Amino acid sequence: MEQVDVIVLGCGAAGMTAALAAHEAGAKVALVERFDRIGGTAAVSGGVIWVADNPRQRAAGMRDSREEALAYFKALDHGDLVDDTIEAFVDRGPEALEFLENIGALSVSLLEGYPDYYLDRPGAKPEGGRALDHDLFALGELGEWAARITAIEEMKPMMLRETPLGGGTGVVEPEEMQRRIANNERGFGQAMVGRLLKACLTRGIEPMLGVETRELIREGGRITGIRGARDGEKFELRAAQGVVIATGGFEWDAEKRQAFLRGPMDAPASPPTAQGDGLALAMQSGAKLGNMTQAWWAPTLVTPDMPWPGGEQRAMPVLIERTVPHSILVNRKGQRFCNEAANYSALAGAFHAFDPQSYDYLNLPAWLVFDEDYVERYPIGPRLPGQPVPEWVTRAESLPELAAKLGIEGAALEATVARFNGFAHDGYDPDFQRGTSAYDHFYGDRSREGTAVTLGPIARAPFYAVEIRIGLLGTNGGPRTDGAARILGHDGAPIAGLYGAGNVIACPTGGIYAGAGGTLGPALTFGYIAGRSAARANA
């Protein structure tokens, strides 16, 4: 029977980081993945990493500190932070990034000017510095393994910081773009996953794909391996020092979604591999759970002409569309219900508003309403300015006609738009203060000044609407860990030999999405901690 020192379940960003950390600490590592693709949610993400007082900040002379970061988190806490784990993230995040960069598993740069999300709280950084972007990576360096990265067929030959999502223009010189395409260079999460995978392969850590782990082996009160199946055959693997669970969230499992999440969620932006397998394994082992009602929430747009390879519904986060001028969000009554430019994770609270009188969610369904000025200037999901408007966008020559097609009262929608247009004219939104925060401006039209970066009238026919769903980037609840990434049992004591990292665990930051990269920062940090802890378990 084969035996290694450390088994890592899950070949996403957290899992590969754990494998590398364990290997560099002297352990023999097996990296196990249920599916035939690598990268999971990280591969389809923007790839941004949020870490306070990180090496790139220090190199740029930007001031940050442990005290400021902890003050920021504590000012946002609603009782779900645990001192041990939040302090481990803040203290060891810079160390994890330095480790990954030093071994060639990351190459990152500052995402200049990207502010933290809650700028009214102590310790926030309006000037940015905590969010990091990936440099381009040439997939040819992976050989045949490149084809195994999730959604690799989608070309992303730009760095996030070059696009409007990262504060750039979205324009790359044609010659440079041709060079990148010819060299198969990628940015975003593809660059991150590519570098992590190359670092693993260079060290002889070759992912074992198609392994369905059905059971953790426990002997003498300690987790000592896994049992399951591979290619229809029984599969068993032993670990002398520990098993790290890094299998992602549970958002694609309808039963777990209904059991745990705080409100509706029907359009996840993550790949359909996030099915809660690791959560089930942890529960079978008696793990204490935490943060189960929370997620990395995001309003999403379903793109029916771009399903996942298996035919599953595909959705994408809505960031720019609801922030640029000439657009608003309305509910079934034709009324605005939020600051459309607010950060995506917090915005879910508006979609989850519940009315006890009608016993229903007031702001579902919701629609993004916009006009011809918007269509000429800005994107709609994958559709870029100048391209035809997709058939899944509702179109009408007047607001009453548009309202009728949406099932909204025409007079109500007209009144809402008229009121908003007055705000746009005055340059101030007294209803929701859209445009008053530095974050509101980041995804707006920076060719304009002041609140006009996000406030613009909806006045030029034809008028358009698309349904905006409540989705997420991943769940962030699961087994509780301590600051050493050891999974805890019901009694609060560590389950010997069991570790966790990524979206599968109760996130060290609780339900707080601190800034861009607020999911990947904790995932990489706890992947690093978990790998080192497991490798040294018997030292």
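## Helices, interior spaces and backbone geometry

Helix α5 is followed by Gly104, a residue whose phi is positive and lies near 80°. The model is a predicted one, and the values below should be read with that in mind.

Helix α5 itself runs over residues 83-102, and its 20 residues reach 29 Å from the first C-alpha to the last, close to the 28 Å expected at 1.5 Å a residue. The helix bends by about 45° at Arg92, and a proline, Pro94, follows within four residues. Among the residues of α5 that are buried are Thr85, Ile86, Phe89, Gly93, Pro94, Leu97 and Glu101.

Helix α15 covers residues 520-535, and its 16 residues reach 22 Å between the first and last C-alpha, close to the 22 Å expected at 1.5 Å a residue. Because 16 of the 16 residues of α15 are buried, this helix is largely enclosed by the rest of the structure.

Strand β1, which spans residues 3-9, contains Val8. With a relative accessibility of 0%, Val8 counts as buried, since that value falls under the 20% cut-off. Leaving aside its neighbours within four places in sequence, Val8 is in contact with Gly15, Ala18, Ala19, Val29, Ala30, Leu31, Val32 and Val244. Asp429, by contrast, is 421 residues from Val8 in sequence and 50 Å from Val8 in space, C-alpha to C-alpha.

The lining of the second largest pocket has nine nonpolar, five polar and four charged residues.

Finally, some backbone features deserve attention. Most residues other than glycine have a negative phi, and most peptide bonds are trans.

| Cis peptide bond | Omega |
|---|---|
| Leu364 to Pro365 | about 0° |
| Ala461 to Pro462 | near 0° |

Pro365 is found in the loop between β16 (360-361) and β17 (366-371), whereas Pro462 is found in the loop between α14 (438-442) and β19 (463-475).

Positive phi values also occur in residues other than glycine. Phe188 has a phi near 55° and is found in helix α7, which covers residues 188-202. Is Phe188 buried or exposed? The relative accessible area of Phe188 is 11%, which is under the 20% limit, so this residue counts as buried. Gln433 has a phi near 60° and has its place in the loop between α13 (410-426) and α14. At 32% relative accessibility, a value between the limits of 20% and 50%, Gln433 counts as partly exposed.

Methods
Residues are numbered from 1 along each chain as its sequence is written. This is a predicted model: local features need pLDDT of at least 70, side-chain atom pairs count only at pLDDT 80 or more; totals for chains, interfaces and linings use all residues. Side-chain values use heavy atoms; hydrogens and water are left out. Helices (H or I, at least four residues) and strands (E, at least two) are DSSP runs, numbered from the N terminus. Buried means under 20% relative accessible area, exposed over 50%, partly exposed in between (1.4 Å probe, protein chains only). Contact means heavy atoms within 4.5 Å. The expected span of a helix is 1.5 Å times one less than its number of residues. The bend at a residue is the angle between axes fitted to the seven residues ending there and the seven starting there. Ala, Val, Leu, Ile, Met, Phe, Trp, Tyr, Cys and Pro count as nonpolar, Asp, Glu, Lys and Arg as charged, and the others, Gly among them, as polar.
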